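Please open the structure in your viewer and keep the sequence panel beside it. The stops below can be selected one after another.

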Amino acid sequence: MKKLIYCILLLPMAVFGQTTYSLTPLNAESNASFRGLSIVSDQVAWVSGSNGQIGKTLDGGQTWAWMKPEGHDKLDFRDIEAFSADKAIVMNAGAPAYILLTVDGGKTWKETYKNTDTAIFLDGMDFWDDNRGIMFGDPIKDKMQLLRSIDGGNNWSDISGNLPAKMGVGEAGFAASGSTIETMGEGRVWIATGGTVSNIYYSSNFGATWQVFECPILQGKSSTGPFSMAFLNETTGVVVGGDYQKDKENENNVLLTSTGGKTWVKPSKPVDGYRSGVIYIDKKTLIATGSSGTDVSSDGGRNWYNISSMNFNVINKAKNGKLILLAGNKGQIYKLSISE
């Protein structure tokens, strides 16, 4: 990546070589803190957040419809998985834990899972296809909570017993953006944990059996570890995180793997601070974001350059399309445009 030429702060924009990155605000109608974000296409996207707030756009973010599922308007919806303009699944953090499903665009919501255990805390979910999905949560009695659906989220079964070992003392997940879990292909799934110990849990058969790999990212405290993860393919991936209590420090807060999560290496130039969201745009271009800013890499994650100091929680891109959105506190939703 070439030297930064200039940065315009009024309308956040950065130019590297011939590539321009610009951030455009899309929403000022909600004051929720958004951490759930799922983008179906260049037109359809859903967000979820605090105080039971869920939003949907049908025009690429220009306008939003807002809703609060009846009886669940106090929940903090940390992750959402959208399949279309009509179907979405949302989960909350904290106890009791709920999973809700809509198939009519958010007009009504069906409660498909409820757990009243005071220790329950769901962290994130992902789906392999329209029917098969998986969700994980913090440990109860030293065992990661693990749920799987094979019918599009209508029913969830507990598969925590499939995990090979107890979690470490102080090891848990992070629900900062719903992106410490990643599914891919025919049954692959990775789950990243942090806190006092950081590990990568990997299954190649829809969660039937698991392997555990050490993740040498910043760890040792309840506020440290990997807060987001992304994979380009079955071998190439990235984790970002750090210490959310020291969000401008960048000590060992981004790692790369070329072995499917078995081993990790540091980049030559890291991101600028704590990051809670990361995505691949293509095999060379990655974007990472967090409360102290957003960074871009154009060489597969080896070198990162800051493009904004704005506070965001989550970033995602369209499953079918090019739309990239970022969301954060106080109802912030921005569109990231990349032009050559």
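Residues are numbered from 1 along each chain as its sequence is written, and side-chain values use heavy atoms, with hydrogens and water left out.

Colour the chain by pLDDT, the predictor's confidence in each residue, from 0 to 100; the protein chain averages 94, and 95% of the residues score at least 70. Select residues 1-11 next, where the pLDDT is below 50 and where the model has 22 contacts beyond near neighbours in sequence, a contact being heavy atoms within 4.5 Å. Where pLDDT is low, the predicted coordinates should not be read in detail.

Now select β21, β22 and β23, which form an open sheet in that order with antiparallel pairing (strands are DSSP runs of E, at least two residues, numbered from the N terminus; two strands pair if DSSP finds at least two bridges between them). β21 (224-231) and β23 each have a single partner strand, so one side of each is left without a neighbour in the sheet. Between β22 and β23 there are 4 bridges, and Val 238 stands opposite Leu 256 in β23.

Finally, select Tyr 244, in the loop between β22 (237-243) and β23 (254-257). Tyr 244 counts as partly exposed because its relative accessibility is 41% (buried is under 20% relative accessible area, exposed over 50%, partly exposed in between, with a 1.4 Å probe and protein chains only). Leaving aside neighbours within four places in sequence, Tyr 244 is in contact with Ser 222, Ser 223, Phe 227 and Tyr 274.

Terms used
This is a predicted model: local features need pLDDT of at least 70, side-chain atom pairs count only at pLDDT 80 or more; totals for chains, interfaces and linings use all residues.
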